[in-house]
Amino acid sequence: MIDQLQALGFTGLNKLAALGRSFIMLFHSLCYFPNPRVGFPLLIKQLHFVGVLSLIIIVVSGLFIGMVLSLQGYTILVDYGSEQAVGQMVALSLVRELSPVVAGLLFAGRAGSALTAEIGLMKATEQLSSMEMIGVDPLRRIVAPRFWAGFISLPLLSMIFSVVGIWGGLLVGVDWLGIYEGSFWANMQAAVDFRIDVLNGIIKAIVFGYVVTWIAVFQGYDCIPTSEGISQATTKTVVYSSLSILGVDFLLTALMFGDL
Amino acid sequence: MDSLDDYIIEIEGMTFSRGERAIFDNISLRIPQGKVTAIMGPSGTGKTTLLKLIGGQIRPDSGCIRVEGLDIPKLNRGELFEIRSRMGMLFQSGALFSDLSVFENVAFPLRVHTQLPEDMIRDLVFMKLQSVGLRGAVELMPSELSGGMARRVALARAIALDPDILMYDEPFTGQDPIAMGVLVKLIKTLNKTLGHTSIVVSHDIQETLSIADYIYLVADGHVVAQGTTQELLAETSPKVKQFMQGLPDGPVPFHFDAPDYLQDMLGGEQ
């Protein structure tokens, strides 16, 4: 019994210490943004790696999710003769919920895990230590550009997800199932509010980008520098990011739309 | 080496422990300027940890570590990175940046710490690579190098800024005899021509003795012996003799701490 209590306390203290370290890392990498001459090319490189290379998975998923939403929505709404509302339904569910959440989950799997593995391997091969000994802070050189790249990329990817998803919905709803195109767009325009829906969706994506990248770079930076440690860190990144996205999404939804 | 000014690094009463285990217990040592000083000892005595303590990557529990008169554990982050630009360290694995070519690896410290024009950086990189005999490998990526070559490129990178202190972490481990000979020659000639202070952490006795001016033998958190090669070879204490002659058993036992063998074998279940 005492042993179990002790183990519980030990685990709790370890988790708290890790949380503390992650805040210190966040503080250092955000406070010391590299100077523009050095930092900008690094940021562009990471934006390409984290953002541009995630485009394909985001576009393909967005297209299929939009198509499925439209098909499911049609089969239900047609019973009530209100299939014109499909456009509105597709747009609202994408912009408010699915784009930030699904793009965030895909981003955690595609870019987050890669960030963790990359930084973890750099640690295991002493590249981070050697950088420190050369007199360059790895938090500025390695962590900060990756952090900012994730932070900038996810909101943009989420917006692209919405646009492609709506186009997918249009393909199925209008071109295949024959909903009148005028009412598809008109209902969407009338129902989607820029501030309440679009802006809140973007805010969600910004928060998710922040959470996923923070978890990913911290897990890489703090991992045990062995092959087993890196594999654990990569798994943790995907699991923690996914759970955080879902949890934070509920919280944000309650705050944003709870009183509507 | 009579006046204090001749020592570039001074460690006094330093204690460092990891968890319950004390790696260094009130250890004191001084590294003379411009010489090759070797720190030797069995595996696991914290030789690499000592280099990390000197570089300020970890902090001691107590005691002071002075490098060029500055107390390393008391420096803030900015000052620490400033003084590190005057130190070079050769890691056991080389630790080259795997996403940069050999050229860019050697140019890295020059690019971040100086404002030199591109053609001058190119000349400097070629000079440093020439001194380690790898100018021909300038276009290669680290993954295309052998272990010995990677270590030599890392050495070129470590001397890129002409540091005052150069630390070698196990430079000979896992090298074939030719690569080992090359490294021994390089450490010696670089120290002579560039005039920096070299600290070699190693347990390869023959190679280290052939280049070291002064040797510290570290074991169980203490300095167990120190002196020149001749002095250490003449040492009669059993611990020093065991290490210097590579005897399998002695004060450092062959067996890791364990309960009685017979009892363990006959005792059955735990």
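**Exercise 1. How much space lies in the largest pocket? Then describe its lining.**

Solution. The model is predicted.

Step 1. Start with the volume. The largest pocket holds about 980 Å³ of space.

Step 2. Find the lining. It has 29 residues. Nearest the centre of the pocket lie K123(A), E132(A) and Y221(A), together with Q57(B) and I58(B).

Step 3. Chain A supplies α1 (2-31), α4 (86-124), α5 (127-134), α6 (138-176) and α8 (194-221). Chain B supplies β1 (7-18) and α2 (77-84).

Step 4. Sort the lining by class. There are 15 nonpolar, four polar and ten charged residues.

**Exercise 2. Describe the contact between chain A and chain B: how many residues does each chain give, and what area is buried?**

Solution. 

Step 1. Count the residues in contact. Chain A gives 18 and chain B gives 25.

Step 2. Take the area. About 1,900 Å² is buried between chain A and chain B. Carbon and sulfur atoms give 56% of that area.

Step 3. Look at who loses the most area in chain A. These residues are E126(A), M133(A) and I134(A). Together they make up 37% of what the chain A side buries.

**Exercise 3. Which polar links join chain A and chain B, and which elements of chain A supply the touching side?**

Solution. 

Step 1. Look for salt bridges. Two are found across the interface of chain A and chain B. D99(B) forms a salt bridge with K45(A). Their closest N and O atoms are 3.5 Å apart, and the cut-off is 4 Å.

Step 2. Count the polar contacts. Ten residue pairs are in polar contact between chain A and chain B, both residues at pLDDT 80 or more.

Step 3. The elements α2 (36-51), α5 and α6 of chain A each supply at least two of its residues. The largest share, seven residues, comes from α5(A).

Step 4. Sort that side by class. It divides into six nonpolar, six polar and six charged residues.

**Exercise 4. How many cavities of 30 Å³ or more does a search of the whole structure find? Describe the largest.**

Solution. 

Step 1. The search finds one. The largest cavity has a volume of about 130 Å³.

Step 2. Its lining has 15 residues. Closest to the centre of the cavity are I134(A), M87(B), G88(B), R157(B) and A158(B).

Step 3. Two or more lining residues come from each of α5 of chain A, β6 (87-90) of chain B and α5 (147-158) of chain B.

Step 4. By class, the cavity lining has ten nonpolar, three polar and two charged residues.

Methods:
Residues numbered from 1 in each chain as written. Chains lettered and ligands numbered in written order. Predicted model: local features only at pLDDT ≥ 70, side-chain atom pairs only at ≥ 80, totals over all residues. Heavy atoms only, no water. 1 Å grid on protein atoms, 1.4 Å probe; cavity = no way out; pocket = protein on both sides within 12 Å on 5 of 7 lines; lining within 4 Å. Points joined across faces, edges and corners; volume = space filled by probe spheres on them. Helix = DSSP H or I, 4+ residues; strand = E, 2+ residues; numbered from the N terminus. Nonpolar A, V, L, I, M, F, W, Y, C, P; charged D, E, K, R; others polar. Contact = heavy atoms within 4.5 Å. Buried area = accessible area lost by both parts, 1.4 Å probe. Salt bridge = Lys/Arg side-chain N within 4 Å of Asp/Glu carboxyl O. Polar contact = N/O pair within 3.5 Å; in protein donor to acceptor, adjacent residues only side chain to side chain.
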